[in-house]
Amino acid sequence: MDLPAPRHPRGIVLVAIQFVPHGRNHTNPLPVKEPNWDSAAARTLAVDGCFGYHSNLTKWPRHTDVAPISWLVTRDVEDGRAVLNSRSGRGRRTVTVKDVIDASRNRGMLPIQYRLIHKEARLTDAQR
């Protein structure tokens, strides 16, 4: 007797991957020091455009608990924090103001998937 093929194999896989214990440990260690901002506007731009990805002040909405989205978001945040992190003020190397200016002018700071979901992170030409 042949068993019928499962009707929704993708659904079974989607449910099964929810049991993989990766990408759900969303921590935000306490920032140690606030950078010295030259203006309130500069801080607002950094909070809106950078901190969600490059800091320990990441907001973790509900969709970041669902695999495989949780895996991608966790990887992106860990990569962003490794470059520039509010906890220590630097990541793998010292980041200079010139680095930030160059990256923002070239629109190379945030991955496209982050900018698509987070409209506050899309800086205008004037903000850049």
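How are α2 and α3 oriented to each other: roughly parallel or roughly perpendicular? They are roughly perpendicular, a label for angles of 65 to 115 degrees (under 35 is roughly parallel, over 145 roughly antiparallel, the rest oblique).

A word on ground rules. This is a predicted model, in which local features need pLDDT of at least 70 and side-chain atom pairs count only at pLDDT 80 or more, while totals for chains, interfaces and linings use all residues. Residues are numbered from 1 along each chain as its sequence is written, and side-chain values use heavy atoms, leaving out hydrogens and water.

**The α2/α3 pair**

Helix α2 (residues 40-54) packs on helix α3 (residues 69-83) at about 105 degrees, with the axes 7 Å apart. Those axes are lines fitted to C-alpha atoms over the stretch in contact, and the angle, on a scale from 0 to 180 degrees, is taken between N-to-C directions. Helices here are DSSP runs (H or I, at least four residues), numbered from the N terminus.

On the α2 side, Gly 52, Tyr 53 and His 54 make the contact (heavy atoms within 4.5 Å). Their partners in α3 are Asp 76, Val 77, Asp 79, Gly 80, Arg 81 and Val 83.

**Along α2**

Helix α2 has a kink of about 45 degrees, centred on Val 47; the bend is the angle between axes fitted to the seven residues ending there and the seven starting there. Buried residues (under 20% relative accessible area, 1.4 Å probe, protein chains only) in α2 include Ala 46, Gly 49 and Cys 50. The buried set of α2 packs against α3 and α5 (112-117).

Beyond its neighbours within four places in sequence, Asp 48 touches Glu 120 and Ala 121. Glu 120 is 72 residues away in sequence, yet 5.6 Å away in space, C-alpha to C-alpha.

**A cis bond in the loop**

Most peptide bonds are trans. The one from Ala 67 to Pro 68 is cis, with omega near 5 degrees, and Pro 68 is in the loop between α2 and α3.

**Confidence**

The predictor's per-residue confidence, pLDDT, runs from 0 to 100. The chain averages 76, with 80% of residues at 70 or more.

| Helix | Residues | Mean pLDDT |
|---|---|---|
| α1 (highest) | 9-16 | 85 |
| α4 (lowest) | 97-105 | 73 |

Over residues 86-92 pLDDT stays under 50, and the model has 22 contacts beyond four places in sequence for them.

Note on methods: Helix = DSSP H or I, 4+ residues; strand = E, 2+ residues; numbered from the N terminus. Buried < 20%, exposed > 50% of the residue type's maximum accessible area, 1.4 Å probe, protein only.
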